[in-house]
Amino acid sequence: MSTSAEPAGIYVHVPFCLTRCGYCDFNAYAGLDGLKPRYLAALLREAELAGPGWAGTSFTSVFLGGGTPTTLAPEDLRTLLAHLRTVFDLGDDAEVTIEANPDTVTELSLAAILDAGYGRLSIGAQSFDPAVLTALERIHQPASVRAAVAAARGVGYGNVSLDLIYGAQGETLGSWTHTLEQTLALAPEHISAYALTIEPATPLGRKVAVGEAPPPDPDLQADLFLRACELLREAGYVHYEVSNWARPGFECRHNLGYWERRPYAGLGAGAHAYRDDVRWWNVRPPEAYLERVEAGELPIGGSESLDPSDAYLEEVFLRLRILEGVPASWFEPARYEAFVASGLLQDDLGRLVPTERGLLLLNELVLGLTA
Amino acid sequence: MATDISRIRNFCIVAHIDHGKSTLADRMLEITHTVDERMMRAQYLDRMDLERERGITIKAQAVRLVHEGHELNLIDTPGHVDFTYEVSRSLAACEGAILLVDAAQGLEAQTLANFHLARDAGLTIVPALNKIDLPAAEPDRRAEELAHLLDRDPHDILRISAKTGAGVEELLAAVIAHVPPPVGDASAPLRALIFDSAFDTYRGVITYVRVHDGTLPSHARIRMFATGVESDAEEAGVMAPEATPVDALGPGEVGYLVTGLKDVHHAKVGDTITLAGKHAATEPLPGYREPKPMVWSGLYPADGNDYPVLRDALDKLKLSDSALVYEPESSQALGFGFRVGFLGLLHMDIVRERLEREFGLELISTAPNVEFHVFRADRMTVVHNPAEMPAGGDHDRVEEPVVYATIITPAEYLGAVFELCQARRGELVDMSYLTPERVEVHYVLPLAEIVFDFFDQLKSKTRGFASLDYEPWGFQDSRLVRVDILLHGEPVDAFSSVVHRDKAYTYGKQMVERLKELIPRQLFDVAVQASIGSKVIARETVKAKRKDVLAKCYGGDITRKRKLLETQKKGKERMRRVGRVDVPQEAFIAALRVDEGAKKR
C-alpha cells in the first residue's frame, strides 16, 4: 500500500440522533439507541482492521460527525479517541472536532468530552429564529444554543463553531440578520452557514415535491448569503470556503483536507475515505455495517477511481470553493474573460478567484471554465 | 369465375365514430359465415395497431360477404375529417350506403357530411338506427330525425342492435333489395378505380380497386392514368376477409391488386387503372384529385445527428402514405429538418407517432400552420413556413384557406356555438332545425382557427353534444401578420407564427409568458419579446440567475457534486444556442406543443 507524505484526517460517523429533522438526508437515525454499544465496539474493531492500510500516514485531524456524536456517552467518546491514537499515527496537536446538538450537551458532559481530547466543538445552532427552527423541525430553542455555548466556554472550550442554515420557510432578510447578530454576539471562533438545500429523499423534499411546502427562493438565498458575507466580514471573520468563515487561524483543518484533496480515512456507517485519486465508502445502513465489521471484514460498500479528467474537475471546483482560486494559465482566456468582466471572477495576479457573487454561481463558473 | 353482375352489391357504412360501424361489420361477418366463429374477434376489420389505439379507421378496405346467393362487398370508409377525399373515393366504389345512427346520440355532423357526400354521389341510402338495446335509446325520436333528413316515412328506418345481432339479417336483406347492382361494360377496355392503397414490405404497393368496365386479370401489364406509370401486376384477389387470389375481377367487382409497384405515389387513391398497350382505355374515371396537404409543420430531430435518419424515415413512410409531402428546410434554432404537409392534425399526429415509434426518433415539431398566399405586385407566393412570410408591409395582401363547417348542436347551445364561431372569425352561412331540439349550422371559418383547439372548445361549450365536420372552401383575404419571438434581441425562427392582426397581441403575450417559464435563467437578464416587424408588442424578462452552488461539500459529497456537474455539463451540451441564450430542447418542445386535446377528433 502506498504511503502519503501529506497530513491526513480521520472521519468517524455516528449515526444516532434524538429525532430526525425534515430537511436532513444524512445517514442518521432516531430510535436506534439500542445499537450504541455494538456500534462503539464496531468502530474500535474497524479502526483495527483499517489501521494497517494507513501505516506510514500521519494524521493531523479527527472529526466526529453524524448524526449527533454527543448522543454517545463521554466515556465512550474517550475510549474511542484513545483507541484511534493507538491504531493511527495521530499527532498530539491534532485538531479533534465533535459535532453536538444544543440539547445533547451539559456543562458536565462537555467538561468530560473536552477532557477526553475533543478540543473543537461544532454546535448545530441552525437559527436564532424560533419560526425558522420550527420549519426545520429542530427541537431546540435559541436559548439552548446560548446555554450550550456558555457551557462550552465555562468548561474551557477555546474553539467553538456554530452551524447555521438559512432560507427555510419563513426566513426573511430580517430574521437572518437577527440570527447572524445573535451568532456574532456569542463570538464563536468559527461559523458555517448553509443555504437550505431541498433533498428529494427527505420528508421536506417530499413536501416540496407535492406542493405542501414552498421550495426555497434562490434569489432570497443569494441575498441572505451576501448578507452573511457582509456582516461576518465586518466582524473580522475570514471567508475561507463557500459556506465557512473563521477567525484567522481557526479554519477547520479537517474540512480543509477534503477541499485540498488530502487523504482521509472514514470509519462508521456510510463513511467515505480518500487517498491518491481513489475514494471508497462503507455500507450505509448501521445494521449492515455492524454485521460486516463483526464478521471481521472491512465494511466497504463501494469505491471509485478518479481518472485524470475527474480529478481535474474536482481540483478546479474545490479550489474555487476555498477561494484559493485556480491558475489562469490552466484555461484559454476566452473561457474566463467574460466571468472576469462580469465580476464573477477576479484575476488575482494570474489566479482566478471567485468573488462573492461568483461563489453563488460556482457551478456556472466550473462549467464555463472546464466545458 | 366472375360473379353475375346482377348479384353484386357494393355498399359502405356511413356512421359516426362509436356509433357501432365495426361491431355491425363483425355481425355481418358472422351472419354470412365469412369468418369462422372460432376465429372471430371484436373489430375484426380494424387491423392496424394505430387504428385500434385510436378507435378509428384510417385505411379503407373492402371485404367480400356471400349471402343469399349474392356477393356483398362491404367497403370501409375512413371516419375522420382529415380524410374526406378518401371517403369520397370509397363512396365512388359503391352503389349504396347504410346510414348508421346511434339511437341514443342521433345524427352527428360527420355522419351528416358523409351522408351528403354519399347522396351526392348517387348512392342508395339504407338508414338504420343502432344500439336500440341501450336504455338511453330514443328510437322513435331518432327515426323522426332521420326520416325528416331523408324525406321518408319513419317506419322505413330499420332498428337494429349490432351488439346483439337483432335486425342485422333484415338489414342485409334491405341492402340486397334496395341497393342496385353495379353497371359495367365487360367488353369495354379496363377501368378500375383505386379507392385505397397500402404498402406491404414484401409485396410492394397493394391497391384496393373497384372494376367499372372490362376485366382485371390476375397478371397483366397495367397502367395508372394520373401518373402514367406502368407495371406488371402480380395478383388480383378479394378480401374474404383474408386475401384470397382470384383469376380476374370482372365489372362491378371489388378486390385488391398486387401492383408490382414499389411506391404508393405511383398508385394514388382516386386514380384509374387500365391495361397497358393497345387495350388501354382512353378516358379515366372521373373525380381524381391530387392529395392536398392542409396543415404544415417543421419536423426536426432532437439530436441534430439524426437528420439522415429522419430523411430516410420520411422516404420510407412516403412509400405507404401517398398524402405525405415534405421538403428539407433549416432553422437557425433547430438545425436541419423538414417542412411536412399533412391532411390534418390527426394525420400529423399519426406521422409523428410512426416516425418516433417505428424509427426511434425523438422529434421537435414546430406549431402547425396552414398555407398562405402572399401577393406582391400581382405575384403570388405560396408560403408553408411562417418564417418565410414577409415581416413588414412589403406585400399587398395575404390570403388564408377557409373551410365550410357543418356543426350540429342541441338548440340550447346555439348561442355558445355562435359565440365560439364569431370569436374564431367565422361567417354564418345558414342554419336549419333537424328537429325542434337539434340544429344544423353552417359557417365559413378560417382553417387556421379550427386546426388547434376549436373542436375541444366546441365540445366543452356544448357539454360534448355538438359535432363538427368541414371541407376546404378556398382562400380568402385576411389581415394576417407575422409575429416573431426574440430572445435577447435574436429572433427565433422556429417560434415565428402567422396570426390575425386582432389576435397578434394576445398571441404574443401568451408566447412570451410561456417562454418566460420555460427558458432557464442565464447569467444575464434575457428579454423575451414578441414583435411585428420592428414593433415590440409584448415583453417579459427572464431574470439573471443568481445562485447555483452546492452549500455543503464534505467527504462523501464530493463524488455526488462531481457527478452533478457532469450531468449539468451534458445538459448544457444538449441545449440549443440562440445568440447568447441557451435554450433546452424541452423548452422548444413545450413552447411549440399544440394542446393535446386539439388532436382528438
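Modeller: A residue is buried if 20 or more other C-beta atoms lie within 10 Å of its own. Keep that cut-off in mind, and note that this is a predicted model.

Biologist: What makes α4(B) largely enclosed by the rest of the structure?

Modeller: Of its 12 residues, 9 are buried, so the helix is largely enclosed. The buried residues include Leu112(B), Phe115(B) and Leu117(B). Ala109(B) and Gln110(B) are buried too.

Biologist: How do you know that the length of helix α4 of chain B agrees with its residue count?

Modeller: Take 1.5 Å times one less than the number of residues. For the 12 residues of 109-120 in chain B, that should span 16 Å. The end C-alpha atoms are 16 Å apart, which agrees. Just after α4(B), Gly122(B) takes a positive phi of about 80°.

Biologist: Which strands does α4(B) lie across?

Modeller: α4(B) lies across β1, β4 and β5 of chain B, at about 155° to β1(B). Helix α5 of chain B lies across β4, β5 and β6 of that chain, at about 165° to β5(B).

Biologist: Why are β2 and β6 of chain B called edge strands?

Modeller: The open sheet has 6 strands, in the order β2-β3-β1-β4-β5-β6 (chain B), with mixed pairing. β2 (62-67) and β6 (158-159) each pair on one side only, so they are the edges.

Biologist: What makes β5 and β6 of chain B a pair?

Modeller: Pairing needs at least two bridges. β5(B) and β6(B) have 2 bridges, in the parallel sense, so they pair. Within β6(B), Arg159(B) is the bridge partner of Leu129(B).

How values were computed:
Residues numbered from 1 in each chain as written. Chains lettered and ligands numbered in written order. Predicted model: local features only at pLDDT ≥ 70, side-chain atom pairs only at ≥ 80, totals over all residues. Helix = DSSP H or I, 4+ residues; strand = E, 2+ residues; numbered from the N terminus. Contact = placed C-beta atoms within 7 Å. Axes fitted to C-alpha atoms, helices over the stretch in contact; angles between N-to-C directions.
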